[in-house]
Amino acid sequence: MTTSNGSERQDEGSRPSLWQDYHKGMDVDSLILSFKNHMKYTMAKDHYTATDWDHFYSMSRIIMDRLIERWIATQQTYYNTDAKRVYYLSLEFLVGRLLGNNLINLMMMDKARAALHRMSLDMEDLRNVEVDAGLGNGGLGRLAACFLDSMATLELPGYGYGIRYEFGIFRQILRDGFQIEVPDEWLRFGNPWEIARPESRFEVKFGGTVENRPTKNNVINPVWVNYHTVLGVPYDTPVPGYNNNTVNTLRLWSAKSSEEFDLEIFNDGDYVAAVENKNLSEVISKVLYPNDNLLSGKELRFKQEYFFVSCSLQDIVRRFKKQHGNHFERFPDKVAVQLNDTHPALGIAELMRILIDDENIPYEKAWEITQGSFAYTNHTLLPEALEKWPVPIFEKILPRHIQIIYEINRRFMRDVASRFFNDRHKLANLSLIEEGGEKQVRMAHLAVVGSHSVNGVAALHTELLKSHVLRDFYEYCPHKFNNKTNGITQRRWLLKANPGLASLISDHIGTGWITNLDELRKLEPFADDATFQQRFAEIKRKNKEHLCKLIAAETTIPVGPDAIFDIQVKRIHEYKRQLLFALGIIVQYIRLKKNPGHDIAPRVYICGGKSAPGYHMAKLIIKLINSISEVVNNDSLIGEKIKVVFFPNYRVSVAEKIFPAADVSEQISTAGMEASGTGNMKFAMNGALTIGTLDGANIEIREEVGAENFFLFGKTVEELDRLRAEGYNPRWHYENNPEIREALDLLDSDFFCNGQPGLFRPILDALLVHGDRYFNLADLEDYLATQDRIDQTYRDQQAWNRMAILNVARMGKFSSDRTILEYANEIWGVKPTPITVTSAE
């Protein structure tokens, strides 16, 4: 109804409460009214001009409306109760798409679908408009996202801190089978889930020098001078818990220049120079993991790591002082900072700088506060992955911090010398500074020394940290070391990703598993139930049909759902052994070429993942798999017996389609090299059977699901250690196993090179000339035999489905809720803080 001056007003007979509270009402009518208001007043569109993006954006604003009140109440409650807070520092947060996840956690999915249906819109269309957030690459970032979900669901006061990468890591496209990196413009149309907080920005210093200036008491005071500054502007994303009022915060920092524009230079006609400083500053938050093969790339990554920890720690100190003033003795009682791997380890030196230089706290007290506040999670067993930064980079970019690190090391070395008298070997091994050649700062050592807790992420991983990678530290401070086996959130990876299976589970055991995954054990009696098995198999087939359509759309490769879907999707790295996966395919191809009547269950081999831009061997393995795919898929003699797919630009939204469709989960890393893995958990939780080594969390998964429901192969850590000690000779396997020899000879013959002779020679050299560091050939024979067992087992669908159901039923241990509770109780010392929103409907 319109008044005489053209303004709209409410009809006399309409419901006042609906009009007043439409922005927070959870009923269908309120959602429709809210949607239409956002379409009109936020997007300035009507039904004639609205696009799919407008529809998605309006739906996202509906959700944000219903999060805001809870979000504010959460922060107010943390202040009012003086809660201790967890700050999770991670260079990656692979959150994927948020529309579906937020609807599920707010218990809004069904009503939102109904509201859209009444407006002739489809939920899946809207969800497909959303792009994956470009905030991570692999398991490290996905783990961080799962942990944030669990913290909110468990009502723990938690914050995530990271970088708002403008172009993500990259978008992977395949050109002639090679990985090509192009910018991931995920922010092109904006991000409806974030709120910019420019008023909460911080200055971050780089460069300059340190001057020793005397104080009034003639005490020498180091002062950082002649530096340049970059501004860190925070963008906040709400993180809602499942079916509660908690909404925690993911705060991401964007780099902005402190000198936006030099008008004088512009007026002189040098238009490029006028914005040069701005561009140099803001490149810090452009791309995740810049190529560090060049010095400029190394320096940029170093700046990224310091930029985000400096912003984060300044923010943490600001929040603490707002409530506790200068009573920093209480800091460890109110602040728990968790370092997600070594990337944020600079935070230890930065907090020391803030406490000593800015807050005038004596060194001894500052160190006590720092150690009491920080905890460190190690995620790697590869020595080369334990970050080291050249001292000259420190001296150039962070001159004050290298002084602080030297002082930390001086005092630490004094303690080590006292503990291990006259043991120069121990001193050299434990020092924060690596001598010999160019001096380097060992960031993992800084993280261990500066933290009160050091944890691995799987039982084997933690034991190998204590016995190998950080053995001397474990001998020096065993009380710091503990294990926290990784987990995943079942709300994303089962409830959201596999709604068919989730419904089947809830119909039979109730919904308690959504927040207590141990409830899945109640499924065990149904593993032998014929009706349940049939329904389970029907859901798996439907998921496979969905993936077939996605594969056809993304790759144009036609595949059918009747085959075994044998899948390896993860970051491409030699220790993860995508090369072993490829060699297995080549052997199977040769078998079929030599004997076309060879009886096998049809199989679709699916691989996906990104290589670091500067990792030549990993990129060559991607090319090899694509070359195998081209040959195999176009061989009429092979037909539908095997197909090979490399899925481009693997990401969270694709993973949500892949895991529910998998029959076989390839977890085939070299024993002792994978810290944990979480893809193994996602596959098993969705009913895939694992072929894997005794590595990472595979060991614990096998213990939980039962050895009879896990396809084990490969040499153990101890067996590989013996091989190394005795002198491993990979050529022995080439010379003594005809199938291995035929596969490598075919690779050497340029059969897969497509007119590029010698293309795969580096792979052959890595296997036969340079020692096969990752023991591909040592494990290949056992891998092939185990694949044959999979083939035979799959033919008995009743037995296969029973095994798959038991895998699902026994995955309770691998919820990130369990992991986070262990962190909270044993490392952080934080308690649940329930949130009450009195006016929420």
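Author: A residue is called buried when its relative accessible area is under 20%, exposed when that area is over 50%, and partly exposed in between. The structure discussed here is a predicted model.

Reader: Why is Cys477 called buried?

Author: Cys477 has a relative accessible area of 3%, and buried means under 20%, so Cys477 is buried.

Reader: What makes Cys753 count as buried, and how do you know whether it is in a disulfide?

Author: The relative accessibility of Cys753 is 1%, and because the limit for a buried residue is under 20%, Cys753 counts as buried. As for the bond, a disulfide requires two cysteine sulfur atoms within 2.5 Å, whereas the nearest cysteine sulfur to that of Cys753 belongs to Cys607 and is 18 Å away. Cys753 is therefore in no disulfide, and the structure as a whole holds 0 disulfides.

Reader: Turning to the rings, how many aromatic pairs are there, and why is the pair of Phe328 and Phe331 called tilted?

Author: The structure holds 31 aromatic pairs. In the pair of Phe328 and Phe331 the ring centres are 6.1 Å apart, and centres must lie within 6.5 Å for rings to pair. Their planes stand at 35°, while planes under 30 degrees apart count as stacked and those over 60 as edge-to-face, so this pair falls among the rest and is tilted.

Reader: Are these two phenylalanines, Phe328 and Phe331, buried or exposed?

Author: Phe328 has a relative accessibility of 3% and Phe331 a relative accessible area of 0%; buried means under 20%, so Phe328 counts as buried, and Phe331 is buried too.

Reader: What makes the pair of Trp493 and Phe659 edge-to-face?

Author: The ring centres of Trp493 and Phe659 are 5.5 Å apart, with the planes at 90°; an angle over 60 degrees counts as edge-to-face, so the pair is edge-to-face. Trp493 lies in helix α21 and Phe659 in helix α26, so the pair ties together parts that are 166 residues apart in sequence. Trp493 is buried, at a relative accessible area of 1%, and Phe659 counts as buried at 3% relative accessibility.

Reader: What makes Ala44 and Ser120 exposed, and what is phi in each?

Author: The relative accessible area is 65% for Ala44 and 68% for Ser120, and exposed means over 50%, so Ala44 is exposed and Ser120 is exposed. Phi is near 55° in Ala44 and near 60° in Ser120, each a positive value in a residue other than glycine. Most residues other than glycine have a negative phi. Ala44 lies in the loop between α2 and α3, and Ser120 is found in the loop between α5 and α6.

Reader: Which elements line the second largest pocket, and how is its lining divided?

Author: The second largest pocket holds about 1,200 Å³ of space and is lined by 43 residues, with Arg113, Glu124, Arg127, Lys496 and Pro499 nearest its centre. The elements giving two or more residues to this lining include α5, α6, α21 and α26, and α23 gives the most, with 9 residues. The lining divides into 17 nonpolar, 9 polar and 17 charged residues.

Terms used: Residues numbered from 1 in each chain as written. Predicted model: local features only at pLDDT ≥ 70, side-chain atom pairs only at ≥ 80, totals over all residues. Heavy atoms only, no water. 1 Å grid on protein atoms, 1.4 Å probe; cavity = no way out; pocket = protein on both sides within 12 Å on 5 of 7 lines; lining within 4 Å. Points joined across faces, edges and corners; volume = space filled by probe spheres on them. Helix = DSSP H or I, 4+ residues; strand = E, 2+ residues; numbered from the N terminus. Nonpolar A, V, L, I, M, F, W, Y, C, P; charged D, E, K, R; others polar. Buried < 20%, exposed > 50% of the residue type's maximum accessible area, 1.4 Å probe, protein only. Phe/Tyr/Trp six-rings, centres within 6.5 Å; stacked < 30°, edge-to-face > 60°.
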